[in-house]
Amino acid sequence: MTNPQPPKLFDLSGKVFVVTGAGGNGRGLGLCMAEGLAEAGGRVHCLDRLERPHEAFYESQKAAAELGNGGSLEYHQCDVANSQTVEAVMEKIAVEKQRIDGLVAAAAIQQVTSALDYHQDDIAKMLSVNYTGVFLSARACARQMLKYKIRGSICLIASMSGIIANRGFIAPVYNSSKAAVIQLARNLAMEWGRIKEDGSGGIRVNCISPGHIMTPMVKANFDAGEANREEWENNNMLGRLSEPEEFKGAGVFLLSEASSYMTGNNLVIDGGTTAW
Ligand SMILES: NC(=O)c1ccc[n+]([C@@H]2O[C@H](COP(=O)([O-])OP(=O)(O)OC[C@H]3O[C@@H](n4cnc5c(N)ncnc54)[C@H](O)[C@@H]3O)[C@@H](O)[C@H]2O)c1
């Protein structure tokens, strides 16, 4: 009897990925997710709104190249709220690589303002990135997956704030934009899951809902006095904030064969905040 090798469930060698929100703001979640995919062998295209990425991107790009496993990081400027730009960037990547295997949609903005004081323009601005931007990224990516008949996987970054009123965090539009993302994943999973007669389809769509992560976005909240670090640490069962690196494993899981039967769902990784 032969001794079969265990399947390389988490191997992303030769696969092509897009990660939004992965270049503009220091070591945010997007860049760390991109690093994780490259560490597993993926060729990762990082999108962000800035013309040139933050210095942290170049450090990650160098580290990925030094691994020598075929994994890589490449940067593209892209405003995810602009449909034409998102479609053009996604098409360019697909034409060049003849495939796109997965997406992590992490680009988002945040605003701490009470509901009574929220300006209508600010509501529209927030939703244009956090909801519409995620929708446009997922759709443009799926379009290429369908065209190249790739049975890909899409991971939308939502938040625990999409399923609970995040205690003491006065961000009504941000929080409800994340609830919309969780619902969007279910609908996209339903639309793109079945394999059609022409061989296209078979695309999985899930969310990751993180708890508090020590990223530039959260540091800005602490610096502005909009949140209290000790309170947030005490708000979960592990008694600490998470680091963006702690989500790499979930990203590789969702974008690899390891999660082949998971779709339309929401992976909550919050140190137990929503389990009290
Ligand atoms: N930090 C947390 O505690 C936390 C918790 C739960 C969920 N999240 C989610 O994780 C994701 C990453 O957050 P983060 O904390 O790393 O934030 P961040 O601000 O550090 O990163 C967000 C990135 O998105 C980019 N971006 C914003 N608008 C864009 C646009 N229109 N087009 C392209 N790029 C754009 C920014 O330039 C930035 O690089 C977000 O979806 C956020 O809502 C964060």
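1. Leu 156 has Cys 207 in β6 as its bridge partner. The chain reaches β6 from β5 by way of helix α5 (residues 172-192), and this β-α-β crossover is right-handed, meaning that with the strands pointing away from the viewer the path from the first strand over the helix to the second runs clockwise. Helices (H or I, at least four residues) and strands (E, at least two) are DSSP runs, numbered from the N terminus.

2. The model is predicted: local features need pLDDT of at least 70 and side-chain atom pairs count only at pLDDT 80 or more, while totals for chains, interfaces and linings use all residues. Residues are numbered from 1 along each chain as its sequence is written.

3. β5 (residues 153-157) pairs with β6 in the parallel sense over 5 bridges; pairing requires at least two DSSP bridges between two strands. On β6 there is also parallel pairing with β7 (residues 266-269), over 4 bridges. Within β7, Leu 267 stands opposite Ile 208.

4. In β6 (residues 204-210), 7 of 7 residues are buried (20 or more other C-beta atoms within 10 Å of the residue's own, with C-beta atoms placed from the backbone). Arg 204, Asn 206, Ile 208 and Pro 210 are on one side, with Val 205, Cys 207 and Ser 209 on the other.

5. The ligand is surrounded by 28 residues, and Gly 21, Gly 24, Gly 28, Ala 108 and Thr 215 are the closest; the criterion is a C-beta atom, placed from the backbone, within 6 Å. α1 (29-39), α4 (120-147) and α6 (216-223) each give two or more residues to this shell. The most come from α6, with 3 residues.

Notes:
Buried ≥ 20, exposed ≤ 12 C-beta atoms within 10 Å, placed from the backbone.
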